[in-house]
Amino acid sequence: MNKLVTRREFLNLLGSTGGASAALKAGAALGLLPAASIAKPLDLLALGSNNKKVAILGGGLSGLTVAYELSKRGYDCTILEASHRCGGRIFTVRHGDLIDEIGNRQYCEFDEDPHLYFNGGAARIPGFHHNLLSYCKELGVELEVFVGENNNAYFQDDALLDGKPIRVNDYKTNIRGFLGEMLAKSMSEQEMDKPFTEQEAENLLGIIRSFGDLKEGDLYTGSSRSGYKTGGYIAHGVQKDIIAFRDLLQTQLGNQIFTAYEGDHGPSLLQAKGGMDNITAGFLRKIGEQVKYHAMVSAINVSNDGVEIAYDQDGTRHALKVDYCFSCIPTHLITGLEHNFPGDYVKALKYVRRGDAYKAAFQAKERFWEKDGIYGGITKTNNRSTGIWYPSHGMHQNKGILLGAYNFRGGLYHTNMSQQERIEAHIKDGEKVHPNYRNLVEKPVTIAWHRINHMLGCAASWNRSFGTWTQEEKLMFDTLQAPVHGRHYIIGDQITVNVAWMESAIRSAHWALEDLDQRVRTELG
Amino acid sequence: MTLYGENKVNGKKLIGAMLTILCWLPFQLQGEEEREPYDDRYCTTCHGADGRGNFGVQAPRLAGMEPWYLKRQLENFRTGIRGAHLKDIEGMAMRPMAVQLTDEGIADVVEWVGDWNYIPAQVTIEGDSAVGKQLYSQCATCHGDEAQGNEMLGAPALRGQNDWYLVTQLKNFKKGWRGSESLDNYGQQMMPMAQILADEDSINNVVSHINTLGKN
Ligand SMILES: Cc1cc2nc3c(=O)[nH]c(=O)nc-3n(C[C@H](O)[C@H](O)[C@H](O)COP(=O)(O)OP(=O)(O)OC[C@H]3O[C@@H](n4cnc5c(N)ncnc54)[C@H](O)[C@@H]3O)c2cc1C
């Protein structure tokens with residue numbers, strides 16, 4: 001068994017490992033004001049009569065962005081898309097839609113109703129993804145709030161309270177109470193090294209007390225923050241029992257409950273009304289005519305004066321000669337094409353690893369979660385399905401679509417199962433939260449990105465060691481970002497350092513467009 | 001070669017007569033014309049343009065593979081003799097695709113692959129081919145002096161295959177990720193043979209020798 005530490009020892013431990021916190025230093029220039037909070041308009045030269053031909057390989061978001069911006073400026077753009085649809089990893093599934101998983105082709109059987117859809121790829125937009133949001137505005141894509149953080153949703157872990165699901169709120173309230181009590185005690189009992197004035201210390205204590213909802217004597221004795229056991233309106237509320245601190249510490253996911261909605265996942269989040277693919281549709285309203293579907297690129301030959309592309313469509317091999325080419329074909333599929341790329345470029349292409357994101361969804365026969373007071377948001381579970389997402393739209397309708405599993409890294413576990421096994425696994429995991437789950441859900445779909453035709457992965461990973469990039473990795477990234485002969489650009493979130501965001505796909509397109517613009521301006525003098 | 005025909009009707013695609021590979025189709029499409037039809041180009045998504053193989057998803061070269069060997073492997077994947085080992089990620093991905101194939105479907109695929117241009121594979125492995133030549137003498141018994149394969153013995157051609165794929169498969173045989181299935185007669189023969197290659201260097205050496213036999 002592990003050595004036990006007292007609370008005081010624990011605080012001392014924190015103190016000795018942490019030293020004097022940088023945050024306590026006064027007057028640090030924190031640079032909190034964002035430099036550019038608004039999308040900067042692209043300043044690209046309009047061509048006039050200088051006709052230039054451009055091929056866009058893959059109708060992913062970055063490809064659509066390039067086609068849209070260049071078409072506006074007089075370039076002659078053709079989009080070659082291998083599959084039956086544009087959007088790639090922006091993929092909304094509705095009644096009758098094809099989920100083209102190799103070896104497990106599915107048609108979505110959800111009822112036909114505009115609110116019954118599932119975003120099998122991109123699902124949420126942070127409020128600070130300015131470039132994406134500004135396209136939404138420009139293209140008339142309506143947005144609504146996506147509820148990510150919901151304290152009324154559940155938290156379930158077999159290790160916690162015998163696996164009984166508890167409200168996120170109950171977990172947070174109790175943890176905050178105990179943490180607050182510890183902090184407050186340490187403030188009053190321990191001689192502080194006077195980094196604070198008396199007023200500052202008083203203010204800090206105020207924050208700590210409110211953080212933990214502490215009562216007299218800076219004790220945590222429970223809180224009404226997570227609601228009452230009974231009463232609260234006509235009758236006086238009866239406070240819920242405290243969950244013992246030790247019990248709360250049995251789960252390893254506590255940290256995730258507290259950090260789940262930070263950074264890119266921080267509220268407020270948005271979604272496109274009626275399905276994320278309305279973003280794709282917005283672009284296609286402008287440039288839809290330029291897309292060739294079922295057009296699978298098979299060869300790319302770049303020279304100093306242009307790019308020759310071969311693609312297969314209708315059982316025939318076609319040739320297309322252009323001045324420039326932008327490709328959002330995933331790197332792990334580019335390696336299977338015929339090409340004449342230089343050796344270091346190929347080395348970098350082969351270095352990038354594909355990811356294995358996985359999602360699954362059910363149609364719910366009734367919106368049972370609403371009876372539990374849950375409207376949107378995410379239940380977190382410590383199992384392979386990782387949680388349940390409740391729809392942020394369609395409140396009080398008869399049915400709804402639930403996300404039943406989401407594995408961003410580690411999706412192969414379910415991918416390797418048969419369709420039946422996948423579904424059974426998600427139902428079993430869901431039953432731990434909603435006991436009657438099995439009978440309440442129907443018409444499942446699973447989306448294993450590792451096997452989706454023409455994608456075979458999400459998201460690209462560049463660095464082998466967690467968090468840091470080696471010098472060599474940085475160099476390979478630069479190699480792949482630079483256009484071959486100034487003519488062949490790789491685009492997509494795969495060529496950014498923040499993969500798996502639509503904003504990143506757009507940023508990569510903008511980077512390439514600005515680079516191209518420099519070249520064209522030079523050429524045209 | 002025309003692989004399939006499509007007619008656009010009311011903006012939706014209907015399946016044309018050329019779609020012989022449609023016999024793979026696991027779903028009934030009657031009354032479902034509105035739905036997106038089956039795509040017959042699955043092979044090249046993973047195995048690369050003209051079946052040249054794709055390192056990025058670790059899918060081997062199919063172009064130039066002997067028809068009898070291709071057929072046997074598709075059948076093996078279908079029955080689970082291959083692609084059922086949990087460590088064999090790529091094999092696991094191949095299996096569900098093969099499970100969909102009827103005998104005619106397999107024959108169609110084999111014929112389709114036979115139509116692809118064979119483009120010589122690139123050398124990507126570094127090794128000592130002289131040492132590899134010594135080691136290869138054991139392999140030659142079944143696979144032939146020129147690694148040209150031997151149908152009578154059930155041993156496929158090795159020359160012309162992507163070298164990185166040969167390396168992976170030798171490792172898989174060594175670890176028992178391939179060939180440990182009791183019904184896999186040929187794999188069972190290959191597994192002990194792979195043990196002869198003591199380490200990664202030996203594997204690279206023998207594959208480097210096979211590279212010198214390159215098919216054109
Ligand atoms: C499960 C999941 C969850 C996500 N969640 C979010 C989220 O919440 N918010 C967010 O902003 N982003 C999210 N993303 C990421 C977002 O979807 C992607 O970053 C973005 O859509 C990628 O766009 P892209 O331009 O890189 O093209 P991709 O979407 O990668 O498209 C590539 C295109 O190339 C085509 N193609 C492939 N091979 C060929 C060929 N040989 N010839 C022609 N065409 C070919 C493909 O069919 C495809 O259309 C998520 C992604 C996934 C998978």
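Predicted model: local features only at pLDDT ≥ 70, side-chain atom pairs only at ≥ 80, totals over all residues.

A: Residues are numbered from 1 along each chain as its sequence is written, chains are lettered from A and ligands numbered from 1 in the order in which they are written, and side-chain values use heavy atoms, with hydrogens and water left out.

Chain A carries 57 positive and 61 negative charges, and their mean positions are 1 Å apart. Lys and Arg count as positive, Asp and Glu as negative, and His and the chain ends are not counted. Each charge is placed at NZ of Lys, CZ of Arg, CG of Asp or CD of Glu.

A salt bridge here is a side-chain nitrogen of Lys or Arg within 4 Å of a carboxyl oxygen of Asp or Glu.

K52(A) sits in the loop between α1 and β1 of chain A, and E523(A) is in helix α16, 471 residues away. (Helices, H or I of at least four residues, and strands, E of at least two, are DSSP runs numbered from the N terminus.) K52(A) is buried at 9% relative accessibility, whereas E523(A) is partly exposed at 47%. Buried means under 20% relative accessible area, exposed over 50%, and partly exposed in between, with a 1.4 Å probe and protein chains only.

A second pair is K443(A) with D111(A), at 2.8 Å between the closest N and O atoms. K443(A) belongs to strand β24 and D111(A) to the loop between β5 and β6 of chain A, so this pair ties together parts 332 residues apart in sequence. Both partners are partly exposed: K443(A) has 30% relative accessibility, and D111(A) has 23%.

The pair K428(A) and E424(A) has its closest N and O atoms 3.4 Å apart. These two residues are four apart in helix α13 of chain A, which separates them by about one helical turn. An α-helix has 3.6 residues a turn, so residues three or four places apart point the same way. K428(A) is partly exposed at 48%, as is E424(A) at 28%.

Finally, a network of salt bridges links E69(A), K72(A), R73(A) and E138(A).
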